[in-house]
Amino acid sequence: MGMEKHYRDEELSEYLYPPEILQKLDFTKSPATFKPKISAASPGEDWMVVRPLQRSDYDKGFLQLLSQLTSTGNISKKQFDERFTQMKMSGGYYVTVIEDKRLAKIIGAATLTVEQKFIHNCSLRGRLEDVVVNDTYRGKQLGKLIVVTVSLLAHELGCYKMSLDCKDKLIKFYESLGYKLEAGNSNAMNMRFEEPS
Ligand SMILES: CC(=O)SCCNC(=O)CCNC(=O)[C@H](O)C(C)(C)COP(=O)(O)OP(=O)(O)OC[C@H]1O[C@@H](n2cnc3c(N)ncnc32)[C@H](O)[C@@H]1OP(=O)(O)O
């Protein structure tokens, strides 16, 4: 309790990364089929927008949406702000969302993280993380839309490949978007240090 930081409007609308890059993604480059055709620049409804995460998304249900994916814990506005600032300063975090502007609510999200490598001539590798669509909006192509958006973004940023971990039942979903199980090289292994809170 106590000192709460007050943000000006331009700070609240601050993007995690420049939004212009999403407008030029070429959806014809994706193997995904959209019926009807939609893209990040034209998501099919005038009340819908695909854009980078904003500071104000704390108040637009972004964390409530993530809690449909996994446990988020009780994150305060201050914690959210600090993490947003750290992600922005460090670079390589492309948290991307779909907003229903009628309700000022975040209804879909996916994150691309870009890892810097020495191998492959100082290459970049993308990882797809934290994909989720609000349960009342599922089955309307929004999952495809947000995953294809960040996958094309990875390509646009120069990543040589993009990887993900998922449950068996989602393999078909991701295959339809261009991801492949590579024979002899598709084992996800984890070492757990503590229960995530
Ligand atoms: C890398 C990761 O983050 S993996 C974690 C993925 N996230 C989760 O599991 C969180 C809970 N689930 C969700 O949020 C959603 O179900 C998502 C994101 C997986 C899919 O979102 P939707 O908006 O429903 O997907 P969308 O409408 O684009 O469906 C695309 C296709 O995948 C299929 N599909 C979607 N979800 C599932 C599922 N859970 N199981 C099997 N098939 C599925 C759909 O039937 C559809 O097929 P079609 O094109 O032949 O009709």
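pLDDT is the predictor's confidence in each residue, from 0 to 100. Here the mean pLDDT of the protein chain is 95, and 97% of its residues reach 70 or more. The complex as a whole receives an ipTM of 0.92 and a pTM of 0.94 from the predictor.

This is a predicted model, in which local features need pLDDT of at least 70, side-chain atom pairs count only at pLDDT 80 or more, and totals for chains, interfaces and linings use all residues. Residues are numbered from 1 along each chain as its sequence is written, and side-chain values use heavy atoms, with hydrogens and water left out.

**The sheet**

Helices (H or I, at least four residues) and strands (E, at least two) are DSSP runs, numbered from the N terminus. Two strands pair if DSSP finds at least two bridges between them. Five strands form an open sheet in the order E1-E2-E3-E4-E5, and the pairing is mixed. Strand E1 (48-52) and strand E5 (159-163) stand at the edges. Each has a single partner strand, so one side of each lacks a neighbour in the sheet. From one strand to the next, the twist averages 20°. For such angles, axes are lines fitted to C-alpha atoms (for helices over the stretch in contact), and angles run from 0 to 180 degrees between N-to-C directions.

Now look at E4. Strand E3 (residues 105-116) pairs with E4 in the antiparallel sense, over eight bridges. E4 and E5 run parallel, joined by four bridges. Arg 127 in E4 stands opposite Thr 113. Arg 127 also stands opposite Ser 163 in E5. Leu 124 has Cys 159 in E5 as its bridge partner.

**The ligand**

A residue is near a molecule or strand if one of its heavy atoms lies within 4 Å of it. The ligand is surrounded by 19 residues, and the closest are Val 131, Val 133, Gly 139, Gln 141 and Lys 144. A polar contact is a pair of N or O atoms within 3.5 Å; within protein, one must be able to donate a hydrogen and the other to accept it, and residues adjacent in sequence count only if both atoms are side-chain atoms.

| Residue (polar backbone atom) | Distance to a ligand oxygen atom |
|---|---|
| Gly 143 | 2.9 Å |
| Lys 144 | 2.9 Å |

On its own, the ligand has 970 Å² of accessible area, and the protein covers 67% of that. Accessible areas come from the Shrake-Rupley method with a 1.4 Å probe; for residues, only the protein chains shown count as cover. Which elements give two or more residues to the shell around the ligand? They are strand E4 (124-133), helix H6 (142-156) and helix H7 (171-175). E4 gives the most, with six residues.

Most residues other than glycine have a negative phi, and most peptide bonds are trans. His 120 is not a glycine, yet has a positive phi of about 50°. His 120 lies in helix H5 (residues 119-122). A cis peptide bond joins Lys 35 and Pro 36, with omega about 0°. Pro 36 sits in the loop between helix H2 (20-23) and E1.
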